[in-house]
Amino acid sequence: QELKRRNVWRVAATYAVVAFVVAQVARLLQPALLLPDWFYRAVVVAALLGFPIALVIAWAFELTPEGVRRTPEAEPTAGKEATGTRPGMHTGYKVLLGLGLLAAAGVGTWYLVGAGGEAGPEVTDRSIAVLPFETLGDTAATTFTEGLHNDLITRLQRVSELTVTARPSVMRYKGTAEPLATVAEELGARWLVTAAVQSAGGQVQVNPRLVDPRTGSERWSASYRRELAADELFALQEEITRQIAGALEAELSSGEGERIEARPTEDLEAYRLYVQGRRELAQRSGSGMDHVEEAVRLFRAAIEQDSSFALAWTGLADAAGAMPPAWWDVAMADSLVTPDVEQAFAARRALELDPDLAEAHASLGLVHLRDRNAPAAREELERAIDLKPSYWEAHYWLGELYLKVGRPERALEHLKTAVELNPRHALARHWLYDAYNWTGQAEESLEEARRQEEMGLEETSAIGGQIRALVSLGRLEEARRMLDEQVAEHRPSTIWGGWFRAYLVEVRAAQGDTARARQVLEELQAADAEPQILAWAHIGLGETDRALEQFDRLEKEDWAEIATGGVLRGMASRDSTLRDDPRYRRLVAESYRAWGLSADGRFPSEIGG
């Protein structure tokens, strides 16, 4: 009653509301005005310390029309003498002050320890997605912000105890208004990192947060202000990486610690050009090569700025490898080498500059994959994964390699990881549901193909995957209904129009409708379909000899992949007699040798003696 009479409760509630508003305003002002790192925490600490003082003042004084005056003592209750001083008054002040200080200490401890991320429940799931950083103020700093974002992801991917979502998947959420919990669920991430970046007057302010998307609470947060110098900025990224790893209780090995300390270049302009090049390369789509052409120009400019910049060399290797020779001859008319030569030279140069650069090993691995040098490709890609465990491209390329040399079980392991790290990569999902199907897991294959279609990622390819899985499951009527729809949409002269008709031949024949199956085969022959498509149709009709004859029409570089990879393996799964045919075994053995393997498909390291 006495606390109520003296308005202590009202003052406490009002103080708490005002302090909260002041703290939020301070959080917004700090990056906007480039205030020092300690500003926000100083405001919070001042608010906490002022809390018990406000309670004591509320107890002792009151605001009246005549001004501030001392709160009068309460009238003595019946049966007690009016002594002029309330019994226990000094004790009341002490108790009130003690409670106020205890409350301030408790809240302060929660903020500095609990909310700050230095304590909390044990972390068992360390999957993390770094959402696109927000640029505050001058939009001209967007490229710089993208560079910080890309660099932080790269450093976090080098920590083996963290599972870090790939940048292509998180970029979809740039400027998103979706709830963090929804974003995390779609990306398969337990934790999210967000940050605001502002640069002005030769300085940059970065405010990163590690957030639990289920509750919206911060596991860790900080505010940094640094000079716009390469060494300062890369040191900042190292510190943020260590802080996030520590907040998630991830231990760094000595090698990982050294790799996250790496400084890719001392030239900020070279780094800016590199970031722009990666952005252009990520925007390529379909047959258009404009973005790839611009990426090549930017990577070359970065190399001219800093010839020892190994990452810029890997960018050049990847961009050159993405450009078809015919386009290269026109777009890069001043170039004295082919794109294949440029790709190989740039990848090897990057590795010379930095032998422990995961991107350089992956780029060289891709060169060997293109050249069908399976042993060298596997060695480089596995090394890239050792150096950067969450490197989705290396997992993807290694999965592709294993599929093409007839090892779908090994491919499945890496493709599952690639899809986990980059959920929105259509081709990785395509290889994944094929790997499931080729390992006898048709239900899982069907589920993955349907998921890809639901996500809107190359729906036609996903429909093809569903049909192959349905056939493997013996659900022929479902497959036929889907095929009738697709055949009506695609002409037989197109790739998918040809494949859907080849599948339809197989399904019709399996259902006993041989006449209709042969009519569809005649459509393919009239359209001069590719040999591997006709071979699949002949297998569907049980015509093994005619199927194998189609492979005689192929150039060696074509059947080298088909034999050990999808088409011939798929045909053999449909026709068990094909696997015993000497011509089939010869074709597979030649294909293995074309990949640099033994005739039975073993890598040199797997052969004893």
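Student: Which residues does L415 touch, not counting those up to four places away in sequence?
Tutor: L415 touches Y396, G399, E400, L403, A428, W431, L432 and A435. Contact means heavy atoms within 4.5 Å. This is a predicted model: local features need pLDDT of at least 70, side-chain atom pairs count only at pLDDT 80 or more, and totals for chains, interfaces and linings use all residues. Residues are numbered from 1 along each chain as its sequence is written, and side-chain values use heavy atoms, with hydrogens and water left out.

Student: How many residues has the largest nonpolar core?
Tutor: The largest nonpolar core has 77 residues. Such a core is a set of buried Ala, Val, Leu, Ile, Met, Phe, Trp, Tyr and Cys residues joined through side-chain atoms within 4.5 Å. L415 and Y396 are among those with the most contacts inside it.

Student: What share of the protein is buried?
Tutor: Buried residues make up 50% of the 609 residues. Buried means under 20% relative accessible area (1.4 Å probe, protein chains only).

Student: New topic. Which residues line the largest cavity?
Tutor: F144, G147, L148, D151, L233, F234, Q237, L268 and Y271. A cavity is a set of points on a 1 Å grid over the protein atoms alone where a 1.4 Å probe fits but cannot get out; lining residues have an atom within 4 Å of a point.

Student: Which element gives the most to that lining?
Tutor: α5, with 4 residues. Helices are DSSP runs (H or I, at least four residues), numbered from the N terminus.

Conventions: 1 Å grid on protein atoms, 1.4 Å probe; cavity = no way out; pocket = protein on both sides within 12 Å on 5 of 7 lines; lining within 4 Å. Helix = DSSP H or I, 4+ residues; strand = E, 2+ residues; numbered from the N terminus.
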